[in-house]
Amino acid sequence: MATIVSTLFSALDGVVEVDPTWHFPYFDEAMGAAVGEDYEDVDVLLLGRVTYDSFAGAWPGREEAGGEDAGFARQLGDVRKLVATRGDADLGWRNVERVDGDLVAAVRALKEDDAVGKVLVAGSVSVVRQLLAAGVLDELRLLVHPVAAGSGERLFEEGRLQPLRLLSSRALPTGVVRLVYAPAELPGAKGYDDVTGDLPEAGGA
């Protein structure tokens with residue numbers, strides 16, 4: 001069964017619409033290694049249309065240019081890519097196809113495909129929301145920057161409760177924290193009366 005993994009850059013205030021102003025000052029070798037971990041052993045790269053257009057507009061040219069990032073660009077070009085899009089225009093990159101029909105149904109089919117071990121959702125906030133809501137996302141990986149963006153699209157929409165279970169955490173040298181979560185249930189139904197015994201005693205005794 002395939003594992004469905006999401007990877008996102010985030011600000012402290014939950015903004016996942018990356019602004020180069022607050023993102024790149026924190027990008028260093030350690031973050032590059034963390035991103036590399038997310039892309040290890042990926043069989044399918046699942047992208048929303050906006051994220052796909054961003055990737056397709058940049059990485060093929062970087063591969064052709066042969067610079068320091070050409071190896072990663074080649075990796076992105078070689079991997080199988082699925083794009084969630086309603087359009088029918090030519091997607092213009094190798095190894096790319098449209099999601100056939102309903103997104104959640106297509107991802108469930110990937111999970112049951114014995115030939116697929118790992119599906120990575122890069123960016124693609126709307127896709128991540130749909131998969132979280134449907135309960136088919138296995139891991140949510142966040143690289144949380146020590147900065148409040150102040151504006152931009154946030155991952156979690158108002159009005160929806162989304163409990164998560166922390167699988168791992170690691171602080172990088174720049175203060176970025178890599179957090180890996182799995183969807184979960186609330187640890188129980190409690191109110192204030194249930195936790196009064198856990199309150200600190202007066203005077204810290």
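I began with the surroundings of Arg-178 and listed what this residue touches beyond its sequence neighbours up to four places away: Ala-34, Glu-37, Asp-38, Arg-141, Leu-142, Leu-143, Ser-168, Ser-169 and Arg-170. I keep in mind that this is a predicted model.

Next I looked for a polar partner, and found that the side chain of Arg-178 makes a polar contact with the side chain of Asp-38, at 2.7 Å. I then checked accessibility: Arg-178 has 8% relative accessibility, and because buried means under 20%, this residue counts as buried. Arg-178 belongs to strand S8, which covers residues 177-183.

I turned to the sheet, which is open and is formed by eight strands in the order S4-S3-S2-S5-S1-S6-S8-S7, with mixed pairing. Strand S4 (96-98) and strand S7 (164-171) are at the edges with a single partner strand each, so one side of each has no neighbour in the sheet.

Last, I consulted the record: UniProt, in an unreviewed entry, places the feature "domain: Bacterial bifunctional deaminase-reductase C-terminal" at residues 3-177. Over residues 3-177 I noted 34% helix and 25% strand, with the end C-alpha atoms 23 Å apart.

Conventions: Residues are numbered from 1 along each chain as its sequence is written. This is a predicted model: local features need pLDDT of at least 70, side-chain atom pairs count only at pLDDT 80 or more; totals for chains, interfaces and linings use all residues. Side-chain values use heavy atoms; hydrogens and water are left out. Helices (H or I, at least four residues) and strands (E, at least two) are DSSP runs, numbered from the N terminus. Buried means under 20% relative accessible area, exposed over 50%, partly exposed in between (1.4 Å probe, protein chains only). A polar contact is a pair of N or O atoms within 3.5 Å; within protein, one must be able to donate a hydrogen and the other to accept it, and residues adjacent in sequence count only if both atoms are side-chain atoms. Contact means heavy atoms within 4.5 Å. UniProt positions are given in the numbering used here, feature names are shortened, and annotations may be inferred rather than shown by experiment. Two strands pair if DSSP finds at least two bridges between them.
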